[in-house]
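Welcome! Take a moment to turn the model around on your screen, and then let us walk through a few of its details together.

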Amino acid sequence: MTAQKIATVDPVWNRIRHEGEQAAADEPILCGLIHASILHHDSLERALSYRISLKLASGEMSEQIVRELADEAHAADPAIGEAARADLVATYERDPVCHRFLQPLLYFKGYQALQAYRVGHWLWQQGRYDLAYFFQMRISEVFGIDIHPAARIGRGIMIDHAHSIVIGETATVGDNVSMLHSVTLGGTGKEDDDRHPKIGDGVLIGAGAKILGAIKVGHCARIAAGSVVLEEVPPMKTVAGVPARIVGEAGCAQPSITMDQLLNGAI
């Protein structure tokens with residue numbers, strides 16, 4: 001029997017390529033950028049490796065080496081590419097300024113920093129700690145986002161604006177979480193143990209919120225902008241203030257998806 005080759009179905013990547021072709025036709029001056037970043041590659045993983053290498057390379061480490069490390073991570077762990085697709089779709093669905101799939105890949109530093117972190121996290125898991133720290137350093141320098149490579153972050157994550165995000169070493173972030181700029185998931189001391197927050201699935205964290213210590217934030221909770229959270233947050237509650245207190249229900253089943261940050265919906 002003749003073996004048949006069946007093409008892999010990847011609707012996210014197919015849409016990015018289609019949008020890239022259209023963008024190149026609409027704005028010919030960007031043809032070089034779009035071809036190098038999208039159309040030259042045969043998968044989202046390869047495009048991400050190229051984009052990460054372009055951003056993180058420096059005089060201390062060449063684009064080629066960074067790209068080889070990213071390719072190695074994607075080849076060894078398909079979950080990295082799966083998470084990248086979930087993050088991209090989450091950004092498209094939740095960020096009102098995102099109108100095309102190619103925008104996060106080309107322009108959004110929150111998305112790009114998160115995908116670079118995922119490579120650094122893989123390196124950490126392999127015991128290649130110094131390389132992982134190098135990735136953390138360059139992500140912080142280039143994107144203004146400091147994520148420790150040991151932190152555990154789920155999929156379907158949307159980081160809006162993304163400036164001054166800090167996520168500590170023992171922090172965990174569940175699936176389908178949304179956070180805005182200047183969020184800190186930090187510790188409260190210098191002990192070398194579990195000292196950072198545990199964020200449940202579907203949580204919305206407003207701009208400037210600080211969540212400190214090894215505390216749990218329950219699934220589908222809302223953290224109001226500017227809050228300082230020092231105590232555990234029950235599931236599906238809204239907290240606000242300094243220090244944060246429960247001010248009502250979450251207001252909906254999926255706060256991280258609706259992105260509703262108005263407190264009047266929580267009372």
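Let us begin with R138, which counts as buried because its relative accessibility is 12%, under the 20% limit for that class. Please keep in mind throughout that this is a predicted model. The side chain of R138 has a charged partner: R138 makes a salt bridge with E141, and their closest N and O atoms are 2.7 Å apart. Both residues belong to helix α8 (residues 129-143), where they sit 3 residues apart, about one turn of the helix.

**Salt bridges**

How many salt bridges does the structure hold? There are 11.

| Salt bridge | N to O distance |
|---|---|
| E19 and R15 | 3.0 Å |
| K198 and D194 | 2.6 Å |

E19 and R15 share helix α1 (residues 11-26) and are 4 residues apart, about one turn of the helix. Are they buried or exposed? E19 is buried, with a relative accessible area of 9%, while R15 counts as partly exposed at 31% relative accessibility.

**A buried charge without a bridge**

Now have a look at D160, in the loop between β3 (158-159) and β4 (165-167). D160 is buried but has no salt bridge. Which side chain of opposite charge is nearest to D160? It is R94, 11 Å away. A salt bridge needs the nitrogen and oxygen atoms to be within 4 Å, so R94 at 11 Å does not qualify as a partner for D160. Leaving out residues up to four places away in sequence, D160 touches D95, M179, L180 and H181.

**Backbone details in the loops**

S182 lies in the loop between β6 (178-179) and β7 (184-186). Its phi is near 65°, a positive value in a residue other than glycine. S182 counts as partly exposed, at 22% relative accessibility.

C220 is not a glycine either, yet its phi is positive, at about 60°. You will find C220 in the loop between β11 (216-217) and β12 (222-223). C220 is buried, with a relative accessible area of 10%.

Further along, V242 and P243 are joined by a cis peptide bond, with omega at about -5°. P243 is placed in the loop between β14 (237-240) and β15 (245-249).

**The largest pocket**

Rolling a probe the size of a water molecule over the atoms shows where empty space is left. The largest pocket has a volume of about 220 Å³. Which elements give two or more residues to its lining? They are α5 (78-94) and α7 (109-125). Of the elements, α7 gives the most, with 5 residues. Among the residues that line this pocket are D77, Y117, R118, W122 and R155. By type, the lining divides into 6 nonpolar, 3 polar and 3 charged residues.

Conventions. Residues are numbered from 1 along each chain as its sequence is written. This is a predicted model: local features need pLDDT of at least 70, side-chain atom pairs count only at pLDDT 80 or more; totals for chains, interfaces and linings use all residues. Side-chain values use heavy atoms; hydrogens and water are left out. Buried means under 20% relative accessible area, exposed over 50%, partly exposed in between (1.4 Å probe, protein chains only). Lys and Arg count as positive and Asp and Glu as negative; His and the chain ends are not counted. Contact means heavy atoms within 4.5 Å. On a 1 Å grid over the protein atoms alone, a cavity is a set of points where a 1.4 Å probe fits but cannot get out, and a pocket is an open set with protein on both sides within 12 Å along at least five of seven lines; lining residues have an atom within 4 Å of a point. Grid points are joined across faces, edges and corners, and a volume is the space filled by probe spheres set on the points. Ala, Val, Leu, Ile, Met, Phe, Trp, Tyr, Cys and Pro count as nonpolar, Asp, Glu, Lys and Arg as charged, and the others, Gly among them, as polar.
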